[in-house]
Amino acid sequence: MGKTSRNKGASWERMCCTVLSSATGIEHGRNLSESRRGNDGDIERNRLPFVYQCKVGALPPIWQALEQAREACEGGEIPVALIKRNSVGSGLPARELAVVPLDVFCAMVGRMVEAGLIGQREAAE
C-alpha cells in the first residue's frame with residue numbers, strides 16, 4: 001500500500017473517530033497498534049460493544065471490511081464497517097456508510113422500538 005493510500009485511510013479513520021465521539025459523547029481514537037498486532041479493529045475499543053473497520057476508496061471493499069470487523073470481535077461485540085466512497089475515480093457521488101449484519105440491524109431496531117426511541121408510522125389510507 002502506497003503512502004497516499006495510507007494517508008487517505010488514516011484521515012478517514014480520524015474522521016470516523018471525530019464523528020463517533022461527537023455522536024456518543026464517548027472519546028474514540030484510532031487503534032494505532034492494529035497494524036502491528038494484526039486485525040484488531042481500526043478504532044480503539046471503549047465502553048461501546050462495537051468493533052470498527054474503516055475502508056475508503058473509489059470502490060471500497062465493503063464485504064472485506066465487515067468480515068475483518070467480525071473476525072476481530074470478542075464476546076458479543078458487534079462488527080461495523082465504516083465505509084467512504086470517494087467520488088474521484090468512481091464517477092459516483094461520495095458516500096459514507098455504516099454497515100452492520102442484517103440480524104444485528106434487526107435486533108437494534110427492535111430494541112429501539114421497545115424503548116420508545118422510535119415509533120411506528122400511521123398506516124396509509
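In this predicted model, the side chain of Asp-42 makes a polar contact with the side chain of Gln-53, at 3.0 Å. A polar atom of the Asp-42 side chain also lies 2.7 Å from the backbone nitrogen of Cys-54. Asp-42 itself is placed in the loop between helix H2 (34-37) and strand E1 (50-57).

Salt bridges do occur elsewhere, and the structure holds three of them. One joins Arg-30 to Glu-13, with the closest N and O atoms 2.8 Å apart. Because Arg-30 lies in the loop between helix H1 (3-24) and H2 while Glu-13 belongs to helix H1, this pair ties together parts that are 17 residues apart in sequence. Arg-30 is partly exposed, with a relative accessible area of 27%, whereas Glu-13 is buried, at 11%.

Another salt bridge is formed by Glu-77 and Arg-45, whose closest N and O atoms are 2.8 Å apart. Here the pair links distant parts of the chain, 32 residues apart: Glu-77 is in the loop between helix H3 (62-72) and strand E2 (78-85), and Arg-45 is in the loop between H2 and E1. Glu-77 is buried, with a relative accessible area of 19%, and Arg-45 is partly exposed, at 28%.

Arg-70 and Glu-67 also form a salt bridge, with a separation of 2.4 Å between the closest N and O atoms. Both residues lie in helix H3, three residues apart, which is about one turn of the helix. Arg-70 is partly exposed, with a relative accessible area of 46%, and Glu-67 is likewise partly exposed, at 34%.

The surface also carries a nonpolar patch formed by Met-108, Met-112, Val-113, Leu-117 and Ile-118, with about 400 Å² of accessible area together. Within this group, Ile-118 is found in the segment after helix H4 (102-114) and is partly exposed, with a relative accessible area of 36%.

These details belong to a chain with four helices and three strands, arranged along the sequence in the pattern α-α-β-α-β-β-α. Of its 125 residues, 32% are buried. Among contacts with a separation of 6 or more, 42% involve residues 24 or more positions apart. The accessible surface comes to about 8,600 Å², and carbon and sulfur atoms account for 54% of that area.

Definitions and conventions: Residues numbered from 1 in each chain as written. Predicted model: local features only at pLDDT ≥ 70, side-chain atom pairs only at ≥ 80, totals over all residues. Heavy atoms only, no water. Patch = residues over 30% accessible without salt bridge, like charges linked within 9 Å, V, L, I, M, F, W, Y side chains within 5 Å. Areas by Shrake-Rupley, 256 points an atom, 1.4 Å probe, with all protein chains shown as cover. Salt bridge = Lys/Arg side-chain N within 4 Å of Asp/Glu carboxyl O. Helix = DSSP H or I, 4+ residues; strand = E, 2+ residues; numbered from the N terminus. Buried < 20%, exposed > 50% of the residue type's maximum accessible area, 1.4 Å probe, protein only. Polar contact = N/O pair within 3.5 Å; in protein donor to acceptor, adjacent residues only side chain to side chain. Contact = heavy atoms within 4.5 Å.
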